[in-house]
Amino acid sequence: LLTSASAAIEDVMVDSPVTDVSLVDFTARAFDAEVLLEWETATERNNVGFHLYRSTRADGDYVQVNPRLILGLGSTSRGGNYYFEDQGLTNGTRYFYLLEDVEYDGTTDLHGPVNAVPASGSGAPQVNPLAYTSGGASTDGIFVVAPTSPGTGIPGSVSPDAPNSGV
């Protein structure tokens, strides 16, 4: 069972509809009291964004950890790179994560689980937000980086108050 602060999500169904997000990679890297989650898509179609869920058991109850939807690219053939820093964790505890992609019509698909064990003395991640399409941290909300301008490689602007789609 997945839960969020605002609503419970029904039991996960293994035969749920597949969305139009082609996931290349989904990883969890441990740091001191924190886990850095990163994922990459090859393509996205009708993708409004992503939610992340955490549990201390692979088959356990998962709780949503991102305070707002991590915005996706909508529809693109080039995909994107995303991250989320799950902070304030207990060192020595194994955490499991699921990634959920959400389409405009509400269709969702779960990926994972991946897992990591934060450890004292393992430092903090060095994250360059401009290297990602979208992301954030559990303590500072979510920000969005606009995709690069075609042919220029110049990133768009950073908006710390990106609108929440309400999904």
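In what follows, a residue counts as buried when its relative accessible area is under 20%, as exposed when that area is over 50%, and as partly exposed in between, using a 1.4 Å probe and the protein chains only. A strand is a DSSP run of type E with at least two residues, a helix is a run of type H or I with at least four residues, and both are numbered from the N terminus.

Good morning, everyone; what you see is a predicted model, in which local features need a pLDDT of at least 70 and side-chain atom pairs count only at pLDDT 80 or more, while totals for chains, interfaces and linings use all residues. Residues are numbered from 1 along each chain as its sequence is written, and side-chain values use heavy atoms, with hydrogens and water left out.

Let me start with the overall picture. The protein has zero helices and 12 strands, and buried residues make up 41% of its 167 residues. If we call it a contact when heavy atoms lie within 4.5 Å, then residues 24 or more positions apart account for 63% of the contacts with a separation of 6 or more.

Strands are said to pair if DSSP finds at least two bridges between them, and β4 and β7, which run antiparallel, are joined by seven bridges. One of the residues involved is Glu40, whose bridge partner in β7 is Asn81.

On to β4 and β3, which also run antiparallel and are joined by 10 bridges. These two strands form a hairpin with two residues between them, and Ala33 in the turn has a positive phi of about 60°. Phe31 stands opposite Glu34 in β4, and Glu34 is buried, with a relative accessible area of 8%. Although Glu34 and Pro125 are 91 residues apart in sequence, their C-alpha atoms are 8.6 Å apart in space.

Finally, which residues have the most contacts inside the largest nonpolar core? That core has 18 residues, and the ones in question are Phe26, Leu37, Trp39, Leu52 and Tyr97, where a nonpolar core means a set of buried Ala, Val, Leu, Ile, Met, Phe, Trp, Tyr and Cys residues joined through side-chain atoms within 4.5 Å. The largest share of this core, five residues, comes from β4.

As for the aromatic rings, those of Phe, Tyr and Trp (its six-membered ring) pair if their centres lie within 6.5 Å, with planes under 30 degrees apart counted as stacked, over 60 as edge-to-face and the rest as tilted. Phe26 and Trp39 form an edge-to-face pair, 6.4 Å centre to centre with 85° between the planes. Phe26 sits in strand β3 and Trp39 in strand β4, 13 residues apart, and both residues are buried. Together with Phe50 and Tyr82, they form one aromatic cluster.
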